Amino acid sequence: MQTIRWVALTIIAFGAFYVWGASLIRESTTYAAVGPRFIPNAIGIGIVLSGLWLFAAPGAPPAPDTPQRMSLDWVSIGLMAGLVLLYILVFRWLGYIGSTILLLWAGAQILGDRSHLLRDGVIAVMLAATIYLVFSRLLGINLPQGLIGF
Amino acid sequence: MFGADIWSNLINGFSVVLTPQHLLFVAIGVVIGTAIGVLPGIGPSLTISLLLPVTFGLEPISAFVMFGGIFYGAMYGGSTTSILVNTPGESSSVVTAIDGFQMAKKGRGGAALATAAIGSFFAGTFATLALMLMAPLLVRFALQFGAPEYFALMLLALSAVTGLAGQSAPKAFFATLLGLAMGMVGIDLQTGQARFTFGNLNLLGGLDPVMVAIGLFAVGEVFWAAGTFKRTVEESVTLRGSLLMNREEWQRSWPAWIRGTLIGFFTGVLPGAGATIASFLSYNAEQRFAKGRAELGQGAIEGVAGPEAANNASAGGALVPLLALGIPGSATTAVMLVAFQIYGLRPGPLLFQQQADLVWGLIASLYIANLALLILNLPMVRIWIKLLDVPKPVLYTGILAFSFLGIYADTQNTASMFVLLALGVVGFLLRRYDFPLAPVVLGAVLGPLIEQEYRRSLAISVNDYTVFFTRPISLVLMTLVAMAFLVPVFNAIWKASRRRAAVPAGDVGEIED
């Protein structure tokens with residue numbers, strides 16, 4: 001089966017989930033002609049229909065240079081998503097500067113900058129510190145201080 | 001406030017903006033907008049989304065004056081990337097890359113940059129003028145609109161963007177619905193019921209459309225880059241020769257500017273057809289009318305002049321429905337609408353009456369932004385080019401850091417950062433399977449609004465569904481909706497019946513305007 005048909009099945013499942021989510025909305029039919037459940041329900045059904053449509057008409061197989069055919073570097077994508085997850089988890093604990101240095105430096109390595117460890121480190125420290133200073137001192141936006149304490 | 005009053009309003013607008021402080025904001029907006037627009041992969045809607053947190057704490061007029069600068073700056077910035085690197089900065093500059101890059105290879109890169117800059121100035125100024133003349137007329141018309149008309153208009157915007165996005169109708173249809181589905185999350189405004197929050201308090205406030213835009217476009221783009229970087233080879237040329245156009249290049253440029261400007265403005269006014277479509281239409285026109293049409297594709301200056309004028313003019317055109325009706329027709333103007341909402345303002349006829357200073361200040365700042373672009377950009381072009389030397393891995397992680405910073409600055413909570421990550425994964429998957437992203441953002445913004453107008457209409461008519469078809473304006477709009485909706489359906493059926501007749505063209509890039 002074509003990959004795009006699996007995508008279509010995922011869409012149908014998501015639509016069904018959405019309709020179920022809509023059924024959890026409490027209707028209070030006292031004064032409004034159309035309650036809070038009506039439009040969400042319609043959207044959910046529409047999503048199921050769009051999935052069915054895509055399943056029925058998946059289109060011609062993708063040309064070699066379209067995004068669907070490009071062979072992807074899944075290891076890098078996984079590492080990147082993992083890094084972002086880690087960033088969020090340590091964001092408060094390490095503080096803005098510490099966690100952002102980690103994100104900037106490790107992210108650049110994942111994206112293939114392996115030969116510039118030191119340069120990327122310097123950029124990461126400078127960028128993180130600058131952002132922190134501009135946002136917390138100049139714009140008065142609260143960013144976590146964390147372990148380092150600034 | 002109509003007719004001849006336009007000029008006194010405009011003078012009033014200039015008097016609001018022509019203060020050192022506001023001029024500084026315009027200049028900052030133009031510089032930041034251009035700088036970020038130059039960076040590959042970041043278009044105007046993302047630029048505005050990323051810069052929203054920077055404006056927190058400014059008074060509304062200052063913020064919007066700055067947005068005016070960012071808006072045109074981001075539109076212009078993409079051309080530099082297209083001309084000097086063979087990867088366009090955003091989808092609306094895809095066409096520019098065809099001839100612009102060839103010109104740069106031949107040593108006429110400076111002339112290509114110049115025709116883009118001067119064409120953008122010409123187009124932007126004309127579009128602002130047309131916006132100024134057209135918007136008040138539309139406002140007068142729109143004062144008669146009630147809930148059914150607004151409902152029909154928004155439905156038209158949604159169906160137009162669905163019909164025009166991408167090659168696959170079911171995919172565009174799903175993208176729009178996904179955006180609407182995201183818009184439903186949170187407290188229902190009319191009844192106070194929680195929807196799709198699944199007991200999670202963080203979701204009660206809903207999914208912020210700005211977060212949707214940043215997640216899909218920025219975070220998704222970084223994941224996409226992680227998957228493709230090592231496999232794509234990029235070609236770039238250094239800028240040689242003078243930045244001036246010669247006599248022949250001037251003579252070939254100006255007709256293309258005029259054609260591009262007219263095409264761009266009217267394309268921009270239509271809902272759903274943004275800068276990208278404007279630039280493609282302009283290129284088509286050049287293929288037919290340009291003096292150097294035989295040379296198109298190998299470095300004809302018309303191929304840069306026309307599309308670049310068109311995408312700037314369409315930016316001005318897109319502001320007409322946004323300001324006069326409060327209805328965005330593209331992802332960029334949708335994000336602008338959110339910016340208005342953040343300041344507690346609702347664009348539309350009432351804004352022209354109640355916040356005349358703000359509206360006319362914004363219009364005046366658009367003129368100034370265009371002039372500032374022309375003055376700043378040509379001399380500074382060598383600085384912009386330096387931005388292209390930033391190593392891409394560093395650049396992309398920087399975008400990532402800035403995206404999460406913006407969300408945290410806005411919400412002060414890490415739960416929203418998880419949501420942003422999830423949206424990034426969704427954006428990556430949509431891109432992987434070639435779904436258009438702009439309708440998702442537009443749907444997320446319009447979802448709650450369209451639902452309110454729908455329910456209000458039916459409340460007024462006491463549950464009589466014919467209310468959408470018995471009022472003349474609403475009937476016309478609904479007919480247009482039906483046409484916008486049926487054309488792609490028939491197209492799909494037609495295509496399916498001639499199975500495998502044609503293989504779709506290659507990756508046209510992300511439609512992000």
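Predicted model: local features only at pLDDT ≥ 70, side-chain atom pairs only at ≥ 80, totals over all residues.

Helix α3 of chain B covers residues 44–55, and from its first C-alpha to its last it reaches 16 Å, close to the 16 Å expected at 1.5 Å a residue; the expected span is 1.5 Å times one less than the number of residues. Helices (H or I, at least four residues) and strands (E, at least two) are DSSP runs numbered from the N terminus. The buried residues of α3(B) include B:P44, B:S49, B:L50 and B:T55, and what covers the buried residues of this helix includes α2 (20–38), α4 (60–84), α9 (209–228), α13 (331–342), α16 (392–411) and α18 (438–460) of chain B. Just after α3(B), B:G57 takes a positive phi of about 95 degrees.

Chain B as a whole has 20 helices and two strands, and its C-alpha trace spans about 70 × 55 × 50 Å along the principal axes. For its 513 residues a compact globule would have a radius of gyration near 24 Å, and the 22 Å of chain B agrees with this; the radius is taken over C-alpha atoms, and the globule rule is 2.2 Å times the number of residues to the power 0.38. Buried residues make up 63% of the 513 residues. Two residues are in contact if their C-beta atoms, placed from the backbone, lie within 7 Å, and among contacts in chain B between residues at least 6 apart in sequence, 81% join residues at least 24 apart.

Helix α6 of chain B, residues 109–142, is a further case of an enclosed helix: 27 of its 34 residues are buried, so α6(B) too is largely enclosed by the rest of the structure. At 1.5 Å a residue this helix should span 50 Å, and its end C-alpha atoms are 46 Å apart, which agrees.

The largest nonpolar core has 221 residues, and those with the most contacts inside it are B:M154, B:V212, B:A213, B:I214, B:V222, B:L420 and B:V441; a nonpolar core is a set of buried Ala, Val, Leu, Ile, Met, Phe, Trp, Tyr and Cys residues joined through C-beta atoms within 7 Å. To this core α6(B) gives the most, with 18 residues, and the core also draws at least three residues from each of domain 1 (3–56) and domain 2 (74–138) of chain A. Leaving aside residues up to four places away in sequence, B:I214 touches B:S49, B:L50, B:V219, B:S403, B:G406, B:I407 and B:L420.

Chain A has four helices and zero strands, and of its 150 residues 33% count as buried. The chain is divided into domain 1 and domain 2, with bounds that come from an automatic or database domain assignment, and the centres of the two domains, taken over C-alpha atoms, are separated by 39 Å.

The contact between the chains takes 60 residues from chain A and 58 residues from chain B. On the side of chain A that touches chain B, α1 (3–23), α2 (38–56), α3 (74–110) and α4 (117–138) each supply at least two residues, and α3(A) gives the most, with 16 residues. The residues of this side divide into 40 nonpolar, 14 polar and six charged, where Ala, Val, Leu, Ile, Met, Phe, Trp, Tyr, Cys and Pro count as nonpolar, Asp, Glu, Lys and Arg as charged, and the others, Gly among them, as polar.

A:I110, in helix α3 of chain A, is buried, with 23 other C-beta atoms within 10 Å. Residues up to four places away in sequence not being counted, A:I110 touches A:S76, A:L79, A:M80, A:L83 and B:A226; the C-alpha atoms of A:I110 and A:M80, 30 residues apart along the chain, are separated by 6.8 Å.

Notes. Residues numbered from 1 in each chain as written. Chains lettered and ligands numbered in written order. Buried ≥ 20, exposed ≤ 12 C-beta atoms within 10 Å, placed from the backbone.
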